[in-house]
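Work through the exercises below with the sequence and the 3D view open. Try each task before you read its solution.

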Amino acid sequence: MYQNINKIYHAAIYVRLSKEDGDISSSAKLESNSISNQKALILDFLKDKKDIEVVSVRVDDGYSGSNFERPAFQAMLEDIRRGIVDCIVVKDLSRFGREYIDSGKYIERLFPALGVRFIAINDNYDSLKGKNQADEIIIPFKNLINDAYCRDISIKIRSNLEIKRKKGECVTPFVAFGYRKTKTDKHKLEIDPSAGSVVQDIFKMKLQGMSQDAIANRLNELGILSPFEYKISSGSHYETGFRQKEQALWSSVTVRRILENEVYIGNLVQGKRTTPNHKVKQTYVKPEDDWIRIEKNHEPLVSDRDFEIVQRLLGMDTRTSPDQKQVYLLSGIAVCADCGAPMTRKVSTVAGKKYAYYLCSTNKETKRCSSHRIPEKDLEDAVLVMLKQHIQNILHLKRVLEFVGTVPFQEINMKKLQDRLEKKKQETERCKELRMMLYSDMKEGIVSKEDYVELHAAYGKRLRNAEESIRAIQKEMDSELEKADNANTWLDYFVKYQDIEELSRTVVVELIRQIRVYDKKNIEITFDFDDCYQTLLSQLPAMGVDTVIDDDNNLQVKVKEVV
């Protein structure tokens with residue numbers, strides 16, 4: 001075998017330690033594989049090697065060995081291509097890499113082709129000495145073991161993270177803007193007072209009628225740091241690929257992400273993205289059914305009610321003109337009664353005087369529908385009158401409920417459930433008695449053993465079905481009791497506006513689902529919680545209360561008796 005005795009090799013010392021490396025499970029192994037100890041072991045090995053001169057030390061601290069996309073490793077390859085390095089020294093093969101195919105490619109093909117000497121100290125491997133028959137088997141086998149080891153660690157880490165997510169523990173390195181990790185438990189979230197108030201202001205501005213773009217501009221005008229800049233100012237090492245300017249500003253996209261994030265109502269949603277395996281680092285979005293959602297996991301910043309309204313608003317076409325910061329009062333709420341398209345606000349000037357009115361957007365664009373034209377003021381006045389009347393009906397209804405409040409209407413359902421429960425309990429007792437009687441009949445020879453087995457199985461099945469029904473009824477009763485406390489809270493959403501004298505965007509989006517415009521004299525309003533309103537009206541007769549809606553939409557009630 002030919003060797004160049006006088007050749008001096010220019011070596012790169014390569015050391016690596018992975019955060020998820022399995023060696024961390026043992027404190028002894030962690031110490032032996034630490035960056036400093038790897039360096040010390042290699043330098044001690046090279047101190048009497050006259051033919052090796054160290055020119056660089058490359059360190060990948062916190063990088064997995066499952067792939068070779070590591071900054072220090074890539075820098076070392078560049079040194080090889082430039083002829084600066086022709087020797088690589090590592091502690092062992094696992095520090096070089098844990099990926100079987102690519103490790104073999106570098107050691108068996110690429111390094112020999114480039115004339116690079118490769119030394120793995122603890123594996124007693126030096127490519128300059130040539131490979132014996134044992135190396136032909138052992139080196140690939142060790143790479144295969146390292147690969148399998150990496151795969152096993154990856155599976156364990158994924159499983160552990162899945163368990164933590166299901167327990168409601170936050171396992172992401174960075175949390176949503178408005179929250180921070182608690183000092184006592186890094187897996188728990190608490191409100192960040194400074195950022196949290198900004199999130200609440202964003203939701204308020206949206207409810208008041210501001211567009212996402214207008215909200216972003218307002219925040220930038222006030223000098224409020226964007227989520228990215230806030231994380232950086234807090235000492236975080238957060239990075240993003242979306243940054244385009246020296247200072248990242250608020251944008252409509254950022255605002256919308258906050259408005260759509262259910263973390264602000266206390267829900268923790270994790271596990272949205274994953275990778276195919278430990279070798280492929282490209283992520284993909286998992287089906288929503290596979291996400292892990294833990295509801296009411298932490299203190300909310302926004303009420304469920306406000307969040308639900310905002311989601312509804314985000315689904316509407318409420319674009320504004322460039323000079324408008326807020327959408328118009330009825331934007332997205334008023335629609336054409338015939339085609340269902342949104343009504344568009346338009347301003348005409350006649351004799352120097354401006355007139356604002358709404359018309360069908362389909363008519364405006366294609367003329368395929370009639371205009372349904374209605375003056376803006378007439379529409380808003382009519383909506384205000386109808387809203388005030390509906391609020392008065394709600395107040396009247398609330399007083400009636402308070403008057404007959406000794407028997408909440410939930411008790412009607414509870415009584416039915418209680419009756420069903422008692423019947424099922426009686427059925428279980430009867431099945432148990434029949435089984436006992438059946439045994440006595442068999443002992444006395446009244447029924448045969450074969451009939452006993454058949455009938456005993458039949459009674460057993462009936463008993464199990466009855467017990468299952470009892471559990472289902474009890475669960476339904478628990479659900480009814482939970483709903484009882486909050487069953488009529490929707491009434492208070494209207495009651496708080498009992499003194500309303502003019503419309504605002506906040507009032508409109510909170511209390512009105514849709515306004516259907518037939519013509520300038522006919523409109524129809526669907527108020528929020530209309531289903532609850534109708535359900536309550538239908539249940540009042542069972543409580544001894546008759547209800548009538550007169551021609552002016554006034555609610556008339558007559559209490560027959562208190563039951």
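The exercises go from the whole chain to single residues.

This is a predicted model, in which local features need pLDDT of at least 70 and side-chain atom pairs count only at pLDDT 80 or more, while totals for chains, interfaces and linings use all residues. Residues are numbered from 1 along each chain as its sequence is written, and side-chain values use heavy atoms, with hydrogens and water left out.

**Exercise 1. The whole chain**

Task: Describe the chain by its elements, its buried share and its contacts.

Solution. Start with the elements. The chain has 18 helices and 19 strands. Both are DSSP runs, numbered from the N terminus: helices are H or I with at least four residues, strands are E with at least two.

Next, burial. Of the 563 residues, 39% are buried. Buried means under 20% relative accessible area, exposed means over 50%, and partly exposed lies in between (1.4 Å probe, protein chains only).

Then take contacts, meaning heavy atoms within 4.5 Å. Among contacts between residues at least 6 apart in sequence, 64% join residues at least 24 apart.

**Exercise 2. An open sheet**

Task: In what order do the strands of the 5-stranded open sheet stand? Then find its edges and the helices on it.

Solution. The order is β2-β1-β3-β4-β5, with mixed pairing. β2 (52-61) and β5 (125-126) are the edges: each has a single partner strand, so one side of each has no neighbour in the sheet. Two strands pair if DSSP finds at least two bridges between them.

Now look at one pair. β1 (residues 9-17) runs parallel to β2, with 9 bridges. Within this pair, I13 is opposite V57.

α2 (residues 35-46) lies across β1, β2, β3 (87-90) and β4 (117-120), at about 155° to β1. These axes are lines fitted to C-alpha atoms, for helices over the stretch in contact, and the angles run from 0 to 180 degrees between N-to-C directions.

**Exercise 3. One side of a helix**

Task: Which residues of helix α3 (residues 71-81) are buried? Explain how they are arranged.

Solution. List them: A72, F73, M76, L77, D79 and I80. They cover an arc of only 155° around the axis, so they lie on the same side of α3. The arc is that of the directions from the helix axis to the C-beta atoms. Recall the rule: an α-helix has 3.6 residues a turn, so residues three or four places apart point the same way. Finish just after the helix, where G83 has a positive phi of about 80°.

**Exercise 4. The cores**

Task: Find the residues with the most contacts in the largest nonpolar core, then follow W250.

Solution. A nonpolar core is a set of buried Ala, Val, Leu, Ile, Met, Phe, Trp, Tyr and Cys residues joined through side-chain atoms within 4.5 Å. The largest one has 76 residues, and F177, I202, F203, W250, Y264, L379 and I515 touch the most other members. Helix α13 (residues 376-403) gives the largest share, 10 residues. A second, separate core has 20 residues, including A72, F73, Y106 and F118.

Now follow W250. Neighbours within four places in sequence aside, its contacts include F177, V198, I202, P227 and I258.

**Exercise 5. A hairpin**

Task: How do β13 (residues 343-350) and β14 (residues 353-360) pair, parallel or antiparallel?

Solution. They pair in the antiparallel sense, over 8 bridges. R345 stands opposite Y358 in β14. The hairpin has 2 residues between its strands, and A351 takes a positive phi near 55°.
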